[in-house]
Amino acid sequence: MTTSPPRAWAEIDLSALQHNLRTIQRVSQKEVMAIVKAGAYGHGLIKIARELDKFSLPFLGVANAGEARLLHEAGIQTRPYILGATLPQEREEIAARDWTPCLCSLEELKHFDALGQDSPIQAHLALDTGMGRGGFLPHQFYDILGVLKNSKGIQLTGIGSHLPVADEDQSFTRAQFEIFDSLIESLPTQRADFHVHLSNSAGLLGYRSRTTNLVRPGLSLYGISPLSEEQHLFRPVMSLKTRVSLIHHLPQGHGVSYGRTILQRDTRAAILAIGYGDGYPRSLSDRSTEVIIRDIRCPLLGRITMDQIIVDVTDLPECREDDVATLFGPELSVTELSQKAGTIPWEILTQITPRVDRLYF
Ligand SMILES: *Cc1c(COP(=O)(O)O)cnc(C)c1O
C-alpha cells in the first residue's frame with residue numbers, strides 16, 4: 001500500500017484472515033461456516049466474502065435475506081446460510097435462490113414446505129438448547145423430525161444449535177454440548193454432507209462435541225479471541241488508524257474538549273482526525289484510553305468528539321503533524337478497548353462507520 005487516506009481508515013489484512021481460517025480449521029478439525037453478517041463484522045461484506053470464496057467452504061453465515069442478496073449480486077459462489085428466523089416476506093427469495101434457512105418455528109417450516117413443493121428447499125433445523133432466540137426445544141425434536149419426514153417441500157440438510165455463554169459459563173455450556181450430542185446420536189447415521197453444528201468462536205476454542213462436523217466462527221475469524229488465553233492463536237484483521245491534524249501547546253489549567261477537562265500540566269496536545277462519528281466509541285473518554293503513535297502509547301485527553309480526539313504527546317517530542325496514529329490493531333487490541341468502553345469487541349468492530357475507508361492488502 002502506497003498511500004493511505006488523509007483522515008480515518010481501517011487496514012484490513014487479508015493474510016491475517018487466511019491465517020485465522022486455517023487456525024480454526026486446524027484447532028476444530030471441522031468444516032467451517034464463516035460468519036460474515038453485519039458487513040463481515042465491519043470488515044466489508046463483499047471483500048471478505050470474495051476472499052473466503054477461495055476456500056470452498058460449505059456456507060457463509062449471514063443475518064438475513066438482504067445480506068444473502070448482496071453476496072449473490074457480487075457473484076459469490078459459497079452458499080449463504082441465514083443464521084436466524086426468517087420473516088415471511090424474505091422466504092420466497094430464499095427458496096428461489098437456494099439459500100439455506102434454519103427452521104426456527106413450525107410456521108416457518110410450513111411456509112418453506114409450501115414454497116418448496118416443486119423443488120425442495122435445503123434447510124437446517126434449529127434446536128434451542130439454551131439460547132432462547134428461536135428454534136425447537138429438545139422435547140419437540142422428534143415430533144418435528146416426524147413433520148419434516150412427511151414434508152415434500154423441505155430437504156433437511158443439517159441441524160444446528162447456538163451457545164449463549166460459551167465464554168462465561170463452562171458447566172452450562174458442557175451441559176448444552178451433552179444435550180445436543182445425545183439428541184444427534186439418537187438419530188440414524190446421516191450422510192456425510194449432513195451438517196451438524198453448535199459452536200461459535202468460544203465454543204470451538206473451549207469445547208469438543210462428539211457429533212458436530214461444522215463450526216460457525218465469527219469473531220475469531222477476524223482475529224479476536226473471545227477467550228484471552230487463546231488470543232495468541234489469532235491475528236487481528238482490522239487496524240483502525242488516523243492522522244495527527246494539528247499539534248499545539250496548552251498551559252496547565254487550560255480545558256480540553258467538551259466538558260473542559262482541565263490540564264494538570266503544560267501539555268503538548270495532538271489533534272487526531274477521528275471521533276465517534278467514525279465509530280470510535282465516545283464511552284472511551286476518561287477511561288485511560290491510549291492510542292499508538294510512533295510505537296508509543298499516548299493517552300487521550302478529554303472527551304471524544306464526533307470528528308476529532310485530543311491526545312497528550314508531551315512525552316513524545318518526536319510526534320509531528322501528519323503522523324499516523326493507531327486506535328486499535330495487533331499492538332492495541334479491540335478487546336482492551338471494549339473493556340474500557342464497557343462493551344464487547346463484536347460491537348466495536350461492527351460500529352465502525354462508512355466514513356472510515358477500508359483498505360485491503
Ligand atoms: C454471530 C453468530 C455466530 C458467530 O459468533 P462468534 O462469537 O462471533 O464466533 C455463530 N453462530 C450464530 C448463530 C451467530 O448468530
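## A buried threonine

In this predicted model, the side chain of Thr 267 reaches the backbone oxygen of Arg 265 at a distance of 2.7 Å. Thr 267 belongs to strand 13, which covers residues 267-272. Its relative accessibility is 3%, and because buried means under 20%, Thr 267 counts as buried.

Leaving aside residues up to four places away in sequence, Thr 267 touches His 248, His 249, Leu 250, Leu 301, Asp 312 and Thr 314.

## Overall architecture

The protein chain contains 11 helices and 18 strands. Its C-alpha trace spans about 80 × 45 × 35 Å along the principal axes. Of its 361 residues, 54% count as buried. Among the contacts with a separation of 6 or more, 66% are made by residues 24 or more positions apart.

Two domains divide the chain: domain 1 comprises residues 14-224 and domain 2 comprises residues 238-360. Taken over C-alpha atoms, the centres of domain 1 and domain 2 are separated by 38 Å. Where the domains meet, 10 residues of domain 1 are in contact with nine residues of domain 2.

## The largest pocket

Two or more lining residues come from each of helix 2 (37-41), strand 6 (121-126), helix 9 (201-206) and helix 11 (345-351).

Helix 2 gives the largest share of this lining, with three residues. Divided by class, the lining of the largest pocket has 23 nonpolar, 10 polar and six charged residues.

## The second largest pocket

The second largest pocket has a volume of about 520 Å³. It is lined by 20 residues, of which Gln 155, Leu 156, Thr 157, Gln 190 and Phe 194 are the closest to its centre. Strand 6, helix 7 (141-149) and strand 7 (154-160) are the elements that give two or more residues to this lining. Strand 6 also gives two or more residues to the lining of the largest pocket.

By class, the lining of the second largest pocket comprises nine nonpolar, seven polar and four charged residues.

## The enclosed cavity

How many cavities of 30 Å³ or more does the structure hold? There is one. The space in the largest cavity amounts to about 50 Å³.

The residues that line this cavity are Lys 30, Phe 177, Ser 199, Leu 204, Tyr 207, Arg 208, Ser 209, Thr 212 and Val 215. Four of the lining residues are nonpolar, three are polar and two are charged.

Leu 337 lies in helix 10, which runs over residues 334-341. With a relative accessibility of 1%, Leu 337 counts as buried. Not counting residues up to four places away in sequence, Leu 337 touches Tyr 280, Leu 284, Thr 289, Leu 327, Phe 328, Leu 332 and Ile 348.

The C-alpha atoms of Leu 337 and Glu 347 are separated by 11 Å, and these two residues are 10 residues apart along the chain.

## Residues with positive phi

Most residues other than glycine have a negative phi. Ala 40, which is not a glycine, has a positive phi of about 50°. This residue lies in helix 2, the element with the largest share of the lining of the largest pocket. At 0% relative accessibility, Ala 40 counts as buried.

Asp 98 also has a positive phi, near 70°.

Note on methods. Residues numbered from 1 in each chain as written. Heavy atoms only, no water. Helix = DSSP H or I, 4+ residues; strand = E, 2+ residues; numbered from the N terminus. Buried < 20%, exposed > 50% of the residue type's maximum accessible area, 1.4 Å probe, protein only. Polar contact = N/O pair within 3.5 Å; in protein donor to acceptor, adjacent residues only side chain to side chain. Contact = heavy atoms within 4.5 Å. Nonpolar A, V, L, I, M, F, W, Y, C, P; charged D, E, K, R; others polar. 1 Å grid on protein atoms, 1.4 Å probe; cavity = no way out; pocket = protein on both sides within 12 Å on 5 of 7 lines; lining within 4 Å. Points joined across faces, edges and corners; volume = space filled by probe spheres on them. Domains from an automatic or database assignment.
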